[in-house]
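This report describes one protein chain, beginning with a single contact and ending with the chain as a whole. Please look over the sequence and the model first.

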Amino acid sequence: MAGRNAAYDMFDADAASKGLGIELVDAADGAAVARMRVTGAMVNGHAIAHGGFVFLLADTAFALACNSHGPVTVAAGGEITFVRPAREGDLLTAHATERTRYGRSGIYDVTVTREGGEVVAEFRGRSRTLPATAG
C-alpha cells in the first residue's frame, strides 16, 4: 500500500478518530492499517479497554479501506468479536482487508492486534457506496 487517495482526505476530516489519537498508517487498494494507544480515559470499570473504543478503531480502519477506492462509501453494518482484553498503554493496530465488492456493496474484515501480535478483536463490516450526486 502506498500513495495518497480518497481515504487520506476522509481521514483528514475525521475529528472523531483523530480526537482519540487514531493514526492512519496506510490505506490503498481496499486495505488499510490504523493504530491507537489505549489511554486511561478508554478503560472501563474492569480495568480493560472499553469495547466501544476497540470497535471505533476497527470501524475507522474499515472506513479507510472502503474509501481507498475513491467513491464515498459508508458503513451498512458491522459486528465485532472480542477475543482478549486490551489494557491501558497497549498500542492497538487494526488491519482491514477487502473480502469482496459487488455493485455498490462490499464486505471487509478487520483484525485488531496489540504489540506482539496478539489478536484483541475480529470485526466484519458491510459497506455501501453512495451514488454520485449532481453539483
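## A polar contact at Thr-129

A polar contact is a pair of N or O atoms within 3.5 Å; within protein, one atom must be able to donate a hydrogen and the other to accept it. The model shown here is predicted. In it, the side chains of Thr-129 and Thr-73 make a polar contact at 3.1 Å.

Thr-129 is part of strand β6. Apart from its neighbours within four places in sequence, Thr-129 is in contact with Pro-71, Val-72, Thr-73 and Arg-104.

## Overall layout

The chain has 3 helices and 6 strands. Read from the N terminus, these elements follow the order α-α-β-β-α-β-β-β-β. The radius of gyration is 15 Å, close to the 14 Å that the globule rule gives for 135 residues, so the chain is as compact as a globular protein of that length.

Along the principal axes, the C-alpha atoms fill a box of roughly 50 × 25 × 25 Å. Taking the contacts with a separation of 6 or more, 61% are between residues 24 or more positions apart.

How much of the chain counts as buried? Of the 135 residues, 39% do. The chain exposes about 6,900 Å², and carbon and sulfur atoms supply 52% of that area.

## The largest nonpolar core

In soluble globular proteins, nonpolar side chains tend to be buried together. In this chain the largest nonpolar core has 31 residues. Those with the most contacts inside the core are Val-54, Leu-57, Leu-64, Leu-92, Val-110 and Val-112. The elements that give two or more residues to this core are α1 (6-12), β1 (23-28), β2 (31-37), α3 (51-67), β4 (91-102), β5 (105-114) and β6 (119-129). Which element gives the largest share of the core? That element is α3, with 8 residues.

Leaving aside neighbours within four places in sequence, Val-112 is in contact with Val-54, Leu-57, Ala-58, Leu-92, Thr-93, Ala-94, Glu-118, Val-119, Val-120 and Ala-121. Two of these partners, Val-54 and Leu-57, are also listed among the core residues with the most contacts.

## The annotated domain

An unreviewed UniProt entry places the feature "domain: Thioesterase" at residues 48-121. Over residues 48-121 the chain is 23% helix and 47% strand.

Conventions: Residues numbered from 1 in each chain as written. Predicted model: local features only at pLDDT ≥ 70, side-chain atom pairs only at ≥ 80, totals over all residues. Heavy atoms only, no water. Core = buried A, V, L, I, M, F, W, Y, C linked by side-chain atoms within 4.5 Å. Buried < 20%, exposed > 50% of the residue type's maximum accessible area, 1.4 Å probe, protein only. Helix = DSSP H or I, 4+ residues; strand = E, 2+ residues; numbered from the N terminus. Contact = heavy atoms within 4.5 Å. UniProt positions renumbered as here; feature names shortened; annotations may be inferred. Rg over C-alpha atoms; globule rule 2.2 N^0.38 Å. Areas by Shrake-Rupley, 256 points an atom, 1.4 Å probe, with all protein chains shown as cover.
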